[in-house]
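User: I am new to this structure and would like to know how its labels were decided. Please show it first.

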Amino acid sequence: MVRQGKLLEVQDLQKHYGKKNNLTKALNGVRFDILPGEFLGIMGPSGSGKTTLLNCIATIIKPTSGRVLLNGKNISAFDSRDLSEYRGSRIGYLFQDFELLDNLTGQENILLPLAIHGMNYTKARGKLEELAGYLEITEILNKFPAQMSGGQKQRVAAARCLISEPDIVLADEPTGALDTRSAKALMNKLEGINKDSGRTILMVSHDPNAASFCSRILFIQDGVIFHELRRKQEERRERFYERILKVLAQLGGGSANVL
Amino acid sequence: MFSKLIYRNAKRSRRENLIYFATLVVAVASFYMILSLGKQDVILFLREFESDAIDKLLTEMNIVYVFALFILFFLVLFANRYQLNRRSKEFGLYLMLGMRKERLVRQLLAEGFITSILALAGGILIGGILAEMISLTVSKLVGQGIIGHQISLSVNAIIFTIIGFLLIQFTALAILGGRIFYQEIHQLLYEQMDETTDMGHVKGNILHILLGAALLGAAYWIVLYRFSDFAGLLLFVALALGSIGTILFMRGLGKLLGLLASLSKHKSLQGLHTFTLRQFQENVANRSTSVAVTSILITLSIILIANGASTILSLDGLYNRNSSVYDFTVNGDSKKVGEFLSTGKMVSYVEDANLLEMGKMKDEGERMEDGMPLSLVDWSKLKEQLTMALPAPYKEQVLSGEMQSYDISSENPEALNLLGVLEMDTTTPHLISESSYNGLLKAVGEQPLNLNSDEIALYFNPDFMPMENLDQMPVLNGILEKAVKEGRSLLSIDDQAIIIRPSIPMRGLVADRSVEIFSAFVVPDPMFKQLVNPDTYASYWNFRIPQKMQAQQGLMKPMMEARDILKSSGFAFESYLQNFGRKLFYIVAGSYTVLYMGFLFLIIACTVLALQFLTQMKQTGGRYVTLSMLGAKRQQMKKSMQKQVLWTFLLPMFLACVSGAVGIKAMISFVVIHFEDVPFLYPLAFAFACMVIFIVAIYGVAVARSAVHEIDKLRWKPNID
């Protein structure tokens with residue numbers, strides 16, 4: 001079910017902070033591609049540059065050099081007006097702490113991106129019902145975030161980022177604020193969305209459990225990609241999970257670095 | 001090191017929080033204005049002849065000052081709380097770094113002191129300029145050049161302003177500092193908006209609105225139709241009902257706004273419409289009581305300003321002298337006074353000099369059983385005629401003897417007032433000699449009376465008779481004319497039948513109101529000499545400033561000059577100036593206090609709204625970051641913000657306008673205020689409406705700007721538009 005052509009191309013991405021004498025290279029020449037329909041994970045220890053990478057792709061920060069192409073368009077060179085058009089419509093975000101507006105009901109939160117971009121409501125109606133049904137949040141659509149559990153909030157947030165049918169979903173530690181059960185439920189749903197409707201997802205996480213749902217994982221350290229894992233066809237998740245753990249153990253030079 | 005920190009923090013709070021600082025400045029300015037009233041030109045002018053009343057006014061102003069101090073204390077407390085909430089994270093940090101709490105509170109007080117000094121400087125400057133402007137405007141409006149201008153700066157006012165302001169500022173800071181003292185560091189560091197959005201049940205909210213509307217309706221009804229029942233006590237009931245009604249209404253409305261958000265499906269997909277509505281709802285629902293209180297404050301301010309403005313309108317009537325003819329009345333030996341008035345330095349100020357001779361009528365010399373003198377006058381026929389002319393309900397009351405006493409008021413029928421006055425005076429009526437009255441008539445260009453020897457005229461003093469058109473009392477003149485035609489006598493004096501002359505012009509007898517005569521008989525000179533009780537005989541020389549001189553120099557200047565000459569002569573005298581001054585005093589005292597309170601309420605309401613909005617803005621600023629992550633443009637967010645500000649100000653304003661209109665309507669129909677001078681009315685009403693709108697608009701713009709500034713200050717990821 002993999003489609004042809006690259007959805008996202010990250011080309012030699014550099015992001016430097018500070019001045020010459022005190023330069024930090026958060027990203028030091030990262031390059032990779034994402035194909036349509038992929039569920040890509042990015043893992044790495046704190047300070048490895050994974051959030052910087054996601055933010056560059058998310059157009060939240062501008063890279064020092066290098067390009068990010070979405071469907072062949074260099075979004076890292078867009079001006080702010082064009083970027084607004086992309087955010088929320090072509091790119092969907094899923095945040096660690098949900099970022100729901102707590103004075104809006106679940107439904108209003110979900111429909112907000114459409115409203116901002118001035119999209120058609122009748123079309124959205126069906127989509128909303130479908131998403132809400134799938135994410136099991138139909139019952140709480142008219143509740144306010146304060147009346148929802150953490151898992152419900154994140155599923156509402158997921159519906160919000162999917163409602164505009166973005167080309168790619170960027171998820172930043174989506175399970176970070178959830179208990180294990182809710183985390184597993186959310187990941188199951190995300191995997192389902194990826195498999196059933198072929199939605200491309202890029203997820204940053206340091207939780208190997210969550211990462212085991214991905215189809216491919218990039219490991220990043222000190223601003224460069226140093227390893228890549230692919231989930232084999234028909235490979236069981238438990239097996240993939242063990243392989244991830246092994247790589248994580250190698251991070252930072254593995255046991256050789258201890259002592 | 002710490003002094004530097006204190007200085008910098010104080011500077012930062014002023015710059016970052018203009019509204020907070022502006023509030024303090026306004027507080028100072030309003031203190032100064034009320035305290036410097038005694039230095040206003042018009043007050044200085046009035047002090048020359050109404051010093052008692054002015055002293056009383058200034059004492060009353062101290063009460064107003066204390067009241068203003070009290071109200072502004074809450075405002076300063078509110079503003080400081082807002083300011084400290086903004087900085088709670090910073091305080092938490094200081095404590096984390098090991099600063100002792102005592103030290104932190106001391107530092108806060110020191111910062112407060114610096115800010116206070118600057119607010120005092122700014123406020124006194126602004127208050128001084130405003131007071132000066134008011135002083136100049138009023139003296140121009142009133143004095144026509146006679147009230148000299150002098151700088152109204154008052155050292156006493158400055159001192160008391162400083163004391164009062166520092167007092168409330170430090171009380172507020174001490175209270176708030178104490179609160180910080182007992183808070184945990186965690187609370188300070190991670191202070192969150194802890195209120196969960198409580199939207200209640202739709203049914204309950206509708207009930208709130210209905211109940212609120214019903215209470216408001218009841219309050220309006222009382223104000224409009226039962227204004228003066230129970231000596232105005234019902235007004236307090238109306239005020240209470242209106243206040244509770246407003247609070248309930250706002251509470252229900254705030255929560256129901258959400259229904260609006262979910263109802264308008266079509267609009268909900270237009271940009272940030274839903275978000276804007278929800279923000280507004282949150283602002284109103286979570287703080288419905290204070291929104292309601294601002295609405296009530298604005299209502300009061302509208303009513304007070306309308307009242308004060310209408311008082312100013314009566315300034316125009318100040319020169320309106322329908323009834324009083326004379327500018328001066330001089331007492332004393334009539335011969336000496338007469339000579340003095342024709343001396344060289346005085347004569348140029350005198351026109352229509354007239355000696356008014358009057359006194360009370362003799363009685364029969366015998367006393368009745370109750371000690372009352374037995375009257376020479378028998379007016380029973382006239383009384384009977386007047387009683388017959390009463391409208392039905394009064395007539396029954398009088399005839400049945402149920403009505404024992406009379407009150408004289410403009411609402412009573414004419415005959416009732418006449419009965420009242422005559423009953424009071426006719427036992428030993430005042431007598432005025434015909435020649436005196438003819439002098440008065442001549443001065444106003446009327447024909448002399450030429451009474452027959454058995455003829456008199458009834459005189460009623462226009463200053464004391466609150467009746468329109470004293471000249472044409474239709475009931476009395478009807479009775480008198482009929483009697484003259486039929487040759488009947490309605491009255492007898494000393495058993496001699498007397499004819500009463502109908503329709504004579506009534507004018508004020510003397511320059512001032514000090515001669516308090518309600519009614520009198522104008523009698524032919526021989527009859528006067530015969531009937532007057534020598535013990536009560538009095539004579540007054542009246543004159544007025546020559547018309548020509550008035551035309552050239554205005555009334556006030558020659559009047560002041562003549563006053564000075566008379567003063568040096570040693571004669572006791574009264575002048576129209578006193579009357580003028582008294583009227584002016586009521587106008588100035590009334591309008592100044594009332595307008596002051598009106599604008600004070602308005603400013604307080606606006607400040608509360610502004611600070612409330614900005615508090616919400618600060619607590620929920622993160623939402624704007626989320627919005628921009630969802631693709632909202634900066635412009636969209638600014639527009640949403642402006643709408644929120646607009647609605648936040650308009651909602652309480654709207655209800656206040658309705659309530660205010662009802663209040664004004666009631667005051668007009670119950671003659672608490674009256675609008676006589678129609679040509680002047682609309683420009684003035686317009687000017688005050690503009691002033692109110694201007695003040696609200698200034699606050700609205702300032703809030704919108706600060707809010708946009710807050711958005712800019714949020715921790716933006718660098719690339720967000």
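User: Which residues of α17(B) are called buried?

Analyst: In α17(B) they are Glu414(B), Ala415(B), Leu416(B), Asn417(B), Leu418(B), Leu419(B), Gly420(B), Val421(B), Leu422(B) and Asp425(B). Buried means under 20% relative accessible area, exposed means over 50%, and partly exposed lies in between (1.4 Å probe, protein chains only). The model is predicted, so local features need pLDDT of at least 70 and side-chain atom pairs count only at pLDDT 80 or more, while totals for chains, interfaces and linings use all residues. Residues are numbered from 1 along each chain as its sequence is written, chains are lettered from A and ligands numbered from 1 in the order in which they are written, and side-chain values use heavy atoms, leaving out hydrogens and water.

User: What makes α17(B) largely enclosed by the rest of the structure?

Analyst: 10 of its 12 residues are buried, so α17(B) is largely enclosed. These buried residues pack (contact means heavy atoms within 4.5 Å) against α15 (380-388), α16 (392-399), β5 (455-460), α19 (474-486) and β8 (519-523) of chain B.

User: What makes β9(A) and strand β10 of chain A a pair?

Analyst: Two strands pair if DSSP finds at least two bridges between them. Six bridges join β9(A) to β10(A), and they run antiparallel. β9(A) also pairs with strand β3 (residues 39-43) of chain A, in the parallel sense over four bridges.

User: Why is Asp495(B) called exposed, and why is Asn71(A) called partly exposed?

Analyst: Asp495(B) has a relative accessible area of 73%, so it is exposed. Asn71(A) has 42%, so it is partly exposed. Phi is positive in both residues: about 65° for Asp495(B) and near 50° for Asn71(A). Most residues other than glycine have a negative phi.

Terms used: Helices (H or I, at least four residues) and strands (E, at least two) are DSSP runs, numbered from the N terminus.
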